[in-house]
Amino acid sequence: GDRLICHQWTFQIRMEAHESHRDSLSLLTDEGEVFRVPFEGCHVGAGSRSRKTEYQPYFPSTKFVLTHRLKNIAAVHLVFQYQGGMNRWTVIDHSPDPLGSLLALRPGLGYPLSEGLRLKIGP
């Protein structure tokens, strides 16, 4: 699957058919740990608890806790949300890095870009 690279962490994104017209999502870390994302969504970040701050967008309460390699990792670094009507998972980047998290795309596939999305090519 596709890979998300967040500073010192790499996550492989796996989608599997769960029920008819409903795909489940799991994250495989570069350490071999698997986190199954609930359909209610989750967020990924440093620390065991995340508090919503003023002007911060909504994020689900379930958290995939990162306990080490935390340099430049925010308490709410990534958010995964499921849209059941379209059977679609959305990743929302809350990274404090000006360029955000890196999504390593697979060659030979087409990816839709939303308005306002930045695409950086090269190092």
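Reply: Two strands are said to pair if DSSP finds at least two bridges between them, and strands themselves (E, at least two residues) are DSSP runs, as helices are (H or I, at least four residues), numbered from the N terminus. This is a predicted model, in which local features need pLDDT of at least 70 and side-chain atom pairs count only at pLDDT 80 or more, while totals for chains, interfaces and linings use all residues. Residues are numbered from 1 along each chain as its sequence is written, and side-chain values use heavy atoms, with hydrogens and water left out.

The hairpin of E3 and E4 has four residues between the strands, and in its turn Gly32 has a positive phi of about 90 degrees.

An open sheet is formed by four strands in the order E6-E5-E7-E8, with mixed pairing. Since E6 and E8 stand at the edges with a single partner strand each, one side of each is left without a neighbour in the sheet. On average, neighbouring strands of this sheet are turned by 15 degrees against each other, direction ignored, where the axes are lines fitted to C-alpha atoms (for helices over the stretch in contact) and angles run from 0 to 180 degrees between N-to-C directions.

Within this sheet, E5 and E7 run antiparallel and are joined by three bridges, and Cys42 has Phe80 of E7 as its bridge partner. Leaving aside neighbours within four places in sequence, Phe80 is in contact (heavy atoms within 4.5 Å) with residues including Leu4, Leu25, Val37, Cys42, Val44 and Trp89. Phe80 is also, with Phe11, Val37 and Val44, among the residues that touch the most other members of the largest nonpolar core, which has 20 residues. Such a core is a set of buried Ala, Val, Leu, Ile, Met, Phe, Trp, Tyr and Cys residues joined through side-chain atoms within 4.5 Å. The elements that give two or more residues to this core are E1, E2, E3, E4, E5, E6 and E7.

Cys42 has a relative accessible area of 0% and is therefore buried, given that buried means under 20% relative accessible area, exposed over 50% and partly exposed in between (1.4 Å probe, protein chains only). The structure holds zero disulfides, a disulfide being a pair of cysteine sulfur atoms within 2.5 Å. For Cys42, the nearest cysteine sulfur is that of Cys6, 12 Å away. Cys6, at 2% relative accessibility, counts as buried.
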